[in-house]
Amino acid sequence: MKEEVTVGMADSVESKIENALNSYMKLFPEQSSSESTRKNYRGYVGKFLTWHYNIYPAVELGDIPWDELREYNTYQGEVCGLKGNTIDQHMSAIHRFFEGVLERSWNRSAVPRTFYEQFIREVPDDHEVRLIISHAACPRDALLYSLLATSGLRLSEAVHVRYGDILDNRTTLYVGPSKNHQDRLVPLEAGFIEALIKYYRTLKNHPSKEDLIFASPQSRKDGEPITEAAVQRAMKKVVDAVNLGDKEFTPHSLRYYFGTEQYASGMSLEDLAVLMGHKRVTSTMLYARMGAVRRYRREHADMFANKVFAGLTLGGL
């Protein structure tokens, strides 16, 4: 296994990498990809290309063998110390680079995904979600938290929602292509629409259908959403302020809440996968693992009525 590489590259190689990355970024239009996604994927592919030209400078990108990709996987784990899920994120970006820029079919059996344990996340309950929403720093943040918790959108999707995306007499939301390059429709709760109308009426300049609901107030450019980092910082302050112990809920925790609650309420995995925007049902299995206990408690509430322990003393407790 080769050691960490720090060798400098010729200008021609740097130009090749820059040109390749510029072509790659065209696969991520700004209207359907968040800034963090574009930055991360560019970084993943850029790191691979730098490694490739340092180790195999004579091999053109179109001729990279699958053995090299497997070697790069091992390099990331053994030399760089990356965990399996992070390695898979890197390889997912390279996969798209191969198909979108190099126009090469991807061989899944030749470059298998790295196995990693998918741990059950901490999911807020109804009370905790209400606390987070009610203690938001401003009405806009409260509205955003409400949307995340009642629709299951990713944060990158939510900040790009426009007024004109609300369809069918204010009952449905159109979500444009994002992480999996697929668009979808999700139902909207009446409570969210009521909150949106109240928020809309507080605005001095009423926006049009083309305007973002969660536009950045500091933006000098028209149509720029609030940044995901700003939302994450604001919610961290809320979580710290409402004293939820050592729980570290994030905006994505509200997506977990939605998925878990839908499964616990009886929704099938197939339907939930559609609402969550998952390409494969296997991705939705995490919500089944998290929601199984909640579903069981609701379906068998009588078993949790303390019948066994009523009047029972346990060792003097």
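Hi everyone, let's start with the sheet: three strands form an open sheet in the order β1-β2-β3, with antiparallel pairing. β1 (166-167) and β3 (184-187) are the edge strands, each with a single partner strand, so one side of each has no neighbour in the sheet.

Before going on, a word on what we are looking at. This is a predicted model, where local features need pLDDT of at least 70 and side-chain atom pairs count only at pLDDT 80 or more, while totals for chains, interfaces and linings use all residues. Residues are numbered from 1 along each chain as its sequence is written, and side-chain values use heavy atoms, with hydrogens and water left out.

Strands (E, at least two residues) and helices (H or I, at least four residues) are DSSP runs, numbered from the N terminus. Two strands pair if DSSP finds at least two bridges between them.

On to the next pair: β2 and β3 are antiparallel and share four bridges. Here L173 turns up again, opposite V186 in β3. V186 also belongs to the covered face of β3, together with R184, while L185 and P187 make up the uncovered face.

Now have a look at the loop between β1 and β2, which holds D168 and R170. Phi of D168 is near 50 degrees, a positive value in a residue other than glycine. Phi of R170 is positive too, near 65 degrees, and R170 is not glycine either. Are these residues buried or exposed? Buried means under 20% relative accessible area, exposed means over 50%, and partly exposed is in between, using a 1.4 Å probe and protein chains only. D168 is exposed at 51%, and R170 is exposed at 51% as well.

Let's move to the helices. Helix α2 (residues 35-55) packs with helix α4 (residues 84-100) at an angle of about 80 degrees, and their axes are 9 Å apart. The axes are lines fitted to C-alpha atoms, for helices over the stretch in contact, and angles run from 0 to 180 degrees between N-to-C directions.

Which residues of the two helices touch? From α2 they are Y41, Y44, V45, K47, F48 and L49, and from α4 they are Q89, H90, S92, A93, I94, F97 and F98. Contact here means heavy atoms within 4.5 Å. By class, this contact has nine nonpolar, three polar and one charged residues. Ala, Val, Leu, Ile, Met, Phe, Trp, Tyr, Cys and Pro count as nonpolar, Asp, Glu, Lys and Arg as charged, and the others, Gly among them, as polar.

R113 sits in the loop between α4 and α5 (126-134) and is exposed at 59%. R113 and M91 are 22 residues apart along the chain, with 8.1 Å between their C-alpha atoms. K236, in helix α9 (residues 228-241), is exposed at 52%. K236 and I132 are 104 residues apart in sequence, yet their C-alpha atoms are 9.8 Å apart.

Last, the cysteines. The structure holds zero disulfides, a disulfide being a pair of cysteine sulfur atoms within 2.5 Å. C80 is partly exposed at 22%, and C138 is partly exposed at 24%.
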